[in-house]
Amino acid sequence: MAIATGCWVGNLPKAPGTWGSLVAFLPWLLIKGFTLPFYLLTLAIVFIIGFFAAGSAEKILDRADAGPIVIDEILGMFVTLTLAPNHPVAWALGFIFFRIFDISKPFPVSWFDQRIHGGIGIMMDDVVAGIYALISLHLLWFIIGNIVQAKLPW
């Protein structure tokens, strides 16, 4: 349960997914400097551990994709922040994008959320939301960078 709930952050009374997404920054700060292959391996390990932890927690709580389960949000944030620019504004934008896609559940996030059950479904909808947020973050950062460079006199 400690893993599934992000060290019990998921038990906070309001918006457990948002709290889980925020707490993801703490371990992410430790792994963000990994080489890309090792970073992706770490994500795969978190996915596998999360799959088992979320599936077990779902049975213990006797609720499908119960709110206190936030390991999926933690992984979703790790996906979102893959190769993120080394700037706190970029990290905040990643958080905002991830929460937007996790809450609004555009296709195929909604498909995974509604059709795939158990630990795999719990994890996959947030992985896909994280991919959307990752793409959005990098596109926006690229656009912002080009606008800033266009206005610089040199």
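A nonpolar core is a set of buried Ala, Val, Leu, Ile, Met, Phe, Trp, Tyr and Cys residues joined through side-chain atoms within 4.5 Å, where buried means under 20% relative accessible area with a 1.4 Å probe, protein chains only. The model is predicted, so that local features need pLDDT of at least 70 and side-chain atom pairs count only at pLDDT 80 or more, while totals for chains, interfaces and linings use all residues. Residues are numbered from 1 along each chain as its sequence is written, and side-chain values use heavy atoms, with hydrogens and water left out.

Select Trp28, Ile69, Leu75, Phe78 and Leu81, the residues with the most contacts inside the largest nonpolar core, which has 41 residues. At least two residues of this core come from each of α2 (25-31), α3 (36-61), α4 (71-80), α5, α6 (109-115) and α7 (118-151), the helices being DSSP runs (H or I, at least four residues) numbered from the N terminus. Helix α7 gives the largest share, eight residues.

Next, centre on Ile69, which is in contact (heavy atoms within 4.5 Å) with Ala4, Ala54, Ala57, Glu58, Leu61 and Ile122, once neighbours within four places in sequence are left aside.

Move on to Val79 in helix α4, which is buried, with a relative accessible area of 10%. Not counting residues up to four places away in sequence, Val79 touches Leu43, Val127, Gly130, Ile131 and Leu134. The C-alpha atoms of Val79 and Ala129 are separated by 8.8 Å, although these residues lie 50 residues apart along the chain.

Finally, select Gly17, Thr18, Ser21 and Leu22 in α1, which meet Phe95, Phe98 and Arg99 in α5.

How values were computed. Buried means under 20% relative accessible area, exposed over 50%, partly exposed in between (1.4 Å probe, protein chains only).
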